[in-house]
Amino acid sequence: PQAIYLKDYTPPAFLIETVDLDVAIETGHATVTAALACHRNPAAADPSAALVLTGEELKLETIRLDGRLLGQGEYALCDDRLLIHAELPESFTLTTVSTINPDGNTQLSGLYRSKDGYFTQCEAEGFRRITWFLDRPDVMAKYTVTIHADKAQFPVLLGNGNPVGAGDEEGGRHWAKWEDPFRKPSYLFAMVAAKLDMLEDWFVTKSGRKVRCAVYVEPGKLDQCGHAMAALKKSMKWDEDVFGLEMDLDHYMIVAVGDFNMGAMENKGLNIFNTKYVLARPDTATDIDFQNIDRVVAHEYFHNWTGNRVTCRDWFQLSLKEGLTVFRDQQFGMDMHSAGVTRIQEVRTLRTAQFPEDAGPMAHPIRPASYAEINNFYSATVYEKGAEVIRMIHTLIGKDAFRKGMDLYFARHDGQAVTCEDFVAAMQDASGLDLTQFKRWYNQAGTPKLVVRGAYDAATKRFTLDVEQLYPATAYEKRLEAEGKPVARGAYHLPLVLGLLDADGRELPLRLAGETSAAGTQRVLSVTEDRQSFVFEDIAAAPVPSLLRGFSAPVVLDYPYTAAELTHLMAHDSDAFCRWEAGQRLATDILTAGIAAYQAGDGDSLAWIPTTYADAIRALLGSAFAPGGDPALVAEALALPSEVVLIEATDGTVDPDAIHAARLALRRHLARELKGPLAAAYHELKVDAPYSPEAQQAGARALRNACLGYLAEIDDAESRALVMTQFDTADNMTDTMAALAAIAQFELAERDDALARFLDKWKDEALVVDKWLMVQSTARAADTGQRVRALLQHPAFDIKNPNKVYALIRAFCAANPKHFHAADGSGYAFAADAILQLDAMNPQVASRIARAFDRWRKFDTHRQSLARVQLARIQSQNGLSRDVAEVVGKALD
Ligand code: DPP
Ligand code: ZN
């Protein structure tokens, strides 16, 4: 597919002042009349450029210029473009009438049917599937929309902004008109015509504006909306308190829909959400689901300022709004839940999804210089690494300067469509810190490696840290180089936050060479050079450095810690992330030895597990019950690095079977060695209070279920009984799923019975059925591959529903490496079949599955040849979407 380049950006030739839409939903089609008040853009490069509108799967009925019907020869249709040949005055109104087919819209982009209604998704380029338009974010207009539909079938008609009129029409139909007072890009347009129930509440802003908050859901689900509503009101308050940002509309609506490609969408005043991020009840949703709802509701709400009031000039700038808004929802999460746990979970996400992306064929910087299909760039890099980049600015300039920078950004750019440079400039001007070098984070791909070495000199009482950055070119730079568009590379500017611990675990006062006195026990070092040294004075004895606190930069840290040093950090570091990280590092070192042992045929001897390891984990478990202990953090620490993280951490060829075997052996070893303390903790942590998803209870459940997971590994009558008892008696979905996940690992009659009972109970709750699918697609049981293939035919599965595809197919491909990378190639063939079938219906979803092949070159030559066959098979398909063609093309490059 053809790539487009950031450097080719030019301002639009025309601007649109107002958009008047009329959408009549009929049986089998919809008629869209769009009146666009246009004028020439004085900033256009070519003052005589033609007007070219874009449209996709639209049937053009008529076109008028200031009311005059245009005839043949006055316009031309060419692929997805509508060219106006007629002579154009400086300003004019262009009115098109088009017919669209929402019922046949399986891509779920534009206006589409889902069960009881019609919904829209316009980001990034869905508006052109509704009407002819200048469908680009730097064209900002004021919108009105009038919706007409059958009243009995679609009683609720919603648009952005404020309701300004409604009434009945002939034939049992009705209409409603909505007007959005704010200028916005087309990707923020939304409308809904559906049968929905509504939960209503009010929020009074700090300046006294009364905002009506409404959550709309499928009939019968009102008892699952309370948490989302509470999250919305908390978000509104938080953004006022932390950033001084107030809600600007009288209506804020969230509509939940079961068929949705992404998580949620921040359309102005009319968010549309995947049901997964709205619906929750203690018996249907887990603690993690509740937490995710908080985060996604907050994320979309925060977009109202970072995204909607100030938007992106072009799609290359996507991280301008996404990185910043993810950072904001992360900060919200840290304030609402445990800060340490939240940060650890984010780092895990980054390592699971973003590091592999940055090391694979789809590598790109947070602001790519080129892409073929923008939907492929709603990526972990743009979102998660984008948030890390914002976090680094926050760390480098400090919280207060960051707030000033945000204020300046809004003062300068409210109502505009801007670039990442504009954001960084506001931060630089507010803080006085030169961020020129820092901007390399926007242009360079890849995860830098930070090689740090420490040297202690007893004679001078100095501790020296030598820091080196490595940032070899990625697939991204190599491709641009080959295309004759090379990008410059250089050292990054990054914050290295650290402390030094003495032998008793105390934090040492820190004085850098050249300073007159020590300042605190934690410092933010500014790393800017390829090689740099930092010297600490007055250090009485060799310290243990606590590096990259809070994961202060998205890098791979290379420091030669000994096992004893890691155990010391696990026990004493004041930074929750570093304590967790030390444990992960220790486990990774042990597992690396284990993987080698399994490859050498000696894994089962367990000689690679140090005798002291179980004691360290015993101490860790005990720390949850000590004064000040945090069970949620201990639960995170008990989780061994996942197989996906271990694959990424492997230098050289990956052996997924050895990784799986070593990790499982280590889990079983810990379970046997710590059976007593695990069982005691399990009983101690039982929550007796009525269910609440708040952090303290959730933390106790998380640790208790981590203990259950270990105990289940013992796989004797006693542990099976424990798991079955929890499954049968749990009064909340968190505990039910923990038990079911343990049961699903084993090929036992109990497993099939438990799965059948679960489905029978929950078959009418789509989101719970998704859990049922996913617990099977991610199981390690030997028959998983066959079962997943059989589930494709199960009535509970529906390939047209993205959530079902993600639960069964994507989870299998992305989160079950042992089976996806099966040596017989069955996992690859399964994925390719699914991708081809999906691509004909929904390219965005197909493309997400295709990303499972990203890391195929990391495996042995036998697996590589199997993967290559499937990639080639996909690539040779006629009519392949641009989405999948880009992913597969880059994988094969
Ligand atoms: N802009 C959306 C979001 O990130 C993407 N669907 O919230
Ligand atoms: Zn977003």
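Over residues 446-559 the chain is 7% helix and 39% strand, with 19 Å between the end C-alpha atoms. Helices (H or I, at least four residues) and strands (E, at least two) are DSSP runs, numbered from the N terminus. An unreviewed UniProt entry annotates residues 446-559 as "domain: Peptidase M1 alanyl aminopeptidase Ig-like fold"; UniProt positions are given in the numbering used here, feature names are shortened, and annotations may be inferred rather than shown by experiment.

This is a predicted model, in which local features need pLDDT of at least 70 and side-chain atom pairs count only at pLDDT 80 or more, while totals for chains, interfaces and linings use all residues. Residues are numbered from 1 along each chain as its sequence is written, and chains are lettered from A and ligands numbered from 1 in the order in which they are written.

Strands of a sheet pair through backbone hydrogen bonds, either parallel or antiparallel. Here two strands pair if DSSP finds at least two bridges between them. Three strands, in the order β4-β8-β7, form an open sheet with antiparallel pairing. Its edge strands, each pairing on one side only, are β4 (51-54) and β7 (75-78). On average, neighbouring strands of this sheet are turned by 20° against each other, direction ignored; axes are lines fitted to C-alpha atoms, for helices over the stretch in contact, and angles run from 0 to 180 degrees between N-to-C directions. Four bridges link β4 to β8 (residues 81-84) in the antiparallel sense. Leucine 53 stands opposite leucine 82 in β8.

Another open sheet has four strands, ordered β10-β11-β17-β13 and paired antiparallel. At its edges lie β10 (110-114) and β13 (156-159), each of which pairs on one side only. Strands β11 (residues 117-121) and β17 (residues 191-194) run antiparallel and are joined by two bridges. Glycine 117 has alanine 194 in β17 as its bridge partner.

The last topic is a helix pair. The axes of α11 (residues 576-599) and α13 (residues 631-638) come within 9 Å and cross at roughly 30°. Therefore α11 is roughly parallel to α13, a term that covers angles under 35 degrees. The crossing of α11 and α13 is right-handed, meaning that the near helix is turned clockwise from the far one by less than a right angle. Where do the two helices meet? Ala576, Trp580 and Gly583 in α11 meet Leu633, Glu636 and Ala637 in α13, contact requiring C-beta atoms, placed from the backbone, within 7 Å.

Notes: Angles under 35 degrees count as roughly parallel, over 145 as roughly antiparallel, 65 to 115 as roughly perpendicular and the rest as oblique.
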